[in-house]
Amino acid sequence: MLTYLARRLVTMILTLVALSVVVFVVIQLPPGDFVTSYIASLSAAGENVDQDTIIALRDRYKLDQPVLAQYGAWVAEILRGNFGYSFEMQTPVAEIFSQRIGISLAVELTAVVVMWAVSIPIGIYSAVNQYSLGDYAATILGFLGLAIPNFLFALVLMYICYNWFGVTITGLFSPEYMNARWSLDRFLDFASHVWAPILVISTAGAAQLVRVLRANLLDELNKPYVLTARAKGLTRRRMIWRYPVRVAMNPLVSTIGWVLPTVISSSFVTAIVLNLPTLSPILLRALLSQDMYLAGALIMFMGLLTLVGTLISDLLLAWIDPRIRLGMVGAN
Amino acid sequence: MLNTKYVSVSLAALMALTGPALAGEYTQAPALKAAVEAGTLPPLEDRLPENPVVVTPIESVGTYGGTWRSALKGTYDTGWVRRTVGYQPLVAYDYEWTKVVPNVAERFEVNEDATEFTFYLREGHKWSDGEPFTAEDLKFAVDIMASPAYGGRKPGGFEWTKISGEVIDPLTFKITLSEPNGLFLERLATVEGQFIVNAAKHYCGKYFPEVSPDANETAKAAGFDSWTQAIEQSCFFNFVDEDRPLLFAWRQVTPYDGLNQLIEWERNPYFFKVDPEGQQLPYIDKVQMVQTENVEDIVLKVVNGEIDFSNRHFATVTNKPVIYDGQDSGGYTLKSTTDARMNHAIFQLNLTHDDPEKRKLYNEKDFRAALSMAMDREEIIDVVFAGQGEPYQAAPRPSSQFYNETLAKQFTDYDPDAANALLDDLGLTERNSEGIRLGFDGEPIRIQLFSPSDQIEFNDIAQLITEHWKEIGIDLDARNAERSLVYERIQNNTHDMHVWWGDGGLNDALLDPRYYFPFNLESAFAQKWAQHFMKTGSTITEQPPAEVQQQMDLYLELIATPDKGQQKALFGEILDIAAEQFYVMGTVLPADGYIVANEKLGNVPDGQVYTWMYPQPGPMETAQLYFKK
């Protein structure tokens, strides 16, 4: 088990190195650089920039140097724990990160928890009571949830709330609490805003989980061991929770690896439509303005989260499922 | 508080007769009064300059209180800050945009050849932290900009090597130009010209090596990567340093760094303006700007009554119906603005194209005239702009002092037959199997246009024009592209055509005549010639033809003339040549715009000009806005 872990850690580091190259190349691919997009956004605001400023900016950000040199400098700084400077916000990347990561985590993890808490019981219910009224209802809602894009759902929700209840649900805080310190009042204000993004983000995910769990569980329920367990006298409820559900959970557990990076990326569109102060809008802005250190750091971080997530889900799988655990030992 | 209109009006009249109120007669906001009584703030007489500006209100004298809410979009939106709380330049445009008037400066003098400008400051004028504001601060700002070592963003429109500042005494500052510039005062009154009163030497001096030798270390210790960056961030057009002293009506409480969601401003107790009754401005206690990520969110805030006074980002023709309908429930009204732009979309063929065949074709005036006559502008107006606007070329607006009818109206009548005839006369008679005309080189004429994907109107117009031009056998390949790609192509001179809106419809035409001749990098129809005019030393510079050169010479002559009448005559000549040359194709003259104002808000301007050079609403003096009880 320990050797397995060590091997995985080494591959993770190598993957990160490869990822850093890909990230850097991809960020360099679009035409122009930060200065071009900076000029473009100033023009859109009706301003214009003179040639001297352009040269000075390129010089300051070392955008005239070859890509390889820029990459080298970037990696060297990262190794020293310095993720560079955001061109656009003129702030160290680490600072931007630390300011937003808390809220991002809070919103996304709550959404994930809600998603699982809702979908697992529903999934089990619809598999066990296949073709019942409840199953059809869950199926219809599930497909609706899958079919409606998050942003559309968010817009519809915004419209409904404005039109019928006269409230705007965008953002996570009312203006008076935006710059306030955390307090009970601020938390309540937060709670009164955060339900909307959580509802939007978790709907689609929950629908998907319900479908996957239902399909897996249906496969398991028809297997001979289920019949045997029942024949030996286990109650139906106890039997289902103990055996088929645990097996059916495998595919869900193996997707934990994808859940972690969603802390930044899943709610991309939702966060922009609903104007949430999370990392997602910052990543989008950074990509649009070719703010390469900021975008690079965020994408690297997402990559790291995916790797860590995959590792966690593999370990969890081994814990849940003896077949996998034994397979690992066998491989050693 | 005076609570009848009669009394306030008569008192205002009385003030007008006796001139500014005498020291000791000034009054201040209740919160400041309490602070003075508590001993935490010096008395009002010590905070106001000896001769404060007396602002004549648009409607009436107001009362203290309230919060002015508006919205920003993304991280770059310092433009709105500079237009609203930020417009307190040394000399300002008057409300009607007819002349330059003293603002921070008490008065100014200009010598006859427009090379020496002397500014007299107000005795006792103070920064928002209570430190005295003097001529040293002006010299400090000029020195930074003129310093070749300063690598930050510099205000546009100034030639730094030709400007030098001199402190005559603490209240007198003289700028000397090595060459005459008849537009220098106008430049100082623009939104960019404010730089000169933006940097407090006692605060920013620590970041400038000419003032403190260890500036670089200080900047690094403060978390910047160089002194240049520290100055750019904390002293001029960015608002990330909330401690920085300002001359604005409100001082900053929260930094605008792209992370904070709410940018707040509070009353500046040292603000240098009063109303006719002697009440220190501003009336409104606080300004709040919410940072948003998208325009739809701002629209929602508007209709829900969460925006008190703004037209930033959302005030488009497309959004107007929704915003108009929401007036009653949202508790706001729409006031009109006069758009200073003279065009919604200007199509610019690249006259300095690197491909010799395309260049030859695009430089045929008849070719451009044919393309222009083939545009069905009435259809564009009906489809894209809800019937608002009129067919127009790139020319000053009808209300402008520079209006030139030929330039404005030539080739705007929809006439595909005449357009076809023109193209036939050019010898472009051969067509391929799809009916597309063959160019001089025998290849089908295909014009590629990348329109910026975030400006939806351009794309809508381009799609219509693609159909219009099919009628005359021209293939317009219009695509949406990311804005930075569009600009990259222009910078590299690899574009066939560019589309952008038409700035320069009113008095800003003088300062930014980008569509009337190749003037700056925004003159996408002739990058190479513009580079020549700007003397950038760029590798793509090219000597322009004689007529273009003549326009450039005329403009240089105009710059050197302080006389307004002479300037107008010279600009008229430039426009005549522009009409003769017909560089670019305009589409639609924008109709009036609108601005949203809380229905309780007083002293809201109606019909104010909307443009960048004249940073609406700034010149109305936003400190006089107030909430009616």
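In the predicted model, 4 strands of chain B form an open sheet in the order 5-6-8-7, with antiparallel pairing (strands are DSSP E runs of at least two residues and helices H or I runs of at least four, numbered from the N terminus; two strands pair if DSSP finds at least two bridges between them). Strand 5 (107-110) and strand 7 (163-169) of chain B stand at the edges with a single partner strand each, so one side of each lacks a neighbour in the sheet. Neighbouring strands are turned against each other by 20° on average, direction ignored. Strand 5 of chain B is joined to the antiparallel strand 6 (residues 116-120) of chain B by 4 bridges; Glu109(B) has Thr118(B) as its bridge partner in strand 6 of chain B. Residues are numbered from 1 along each chain as its sequence is written, and chains are lettered from A and ligands numbered from 1 in the order in which they are written.

The contact between the chains takes 45 residues from chain B and 45 residues from chain A (C-beta atoms, placed from the backbone, within 7 Å). On the side of chain B that touches chain A, helix 19 of chain B gives the largest share, 7 residues.

In chain A, helix 5 (residues 93-128) and helix 9 (residues 184-221) pack at an angle of about 35°, with axes 6 Å apart (axes are lines fitted to C-alpha atoms, for helices over the stretch in contact; angles run from 0 to 180 degrees between N-to-C directions). Local features required pLDDT of at least 70 and side-chain atom pairs pLDDT 80 or more, whereas totals for chains, interfaces and linings use all residues.

Technical notes:
Contact = placed C-beta atoms within 7 Å.
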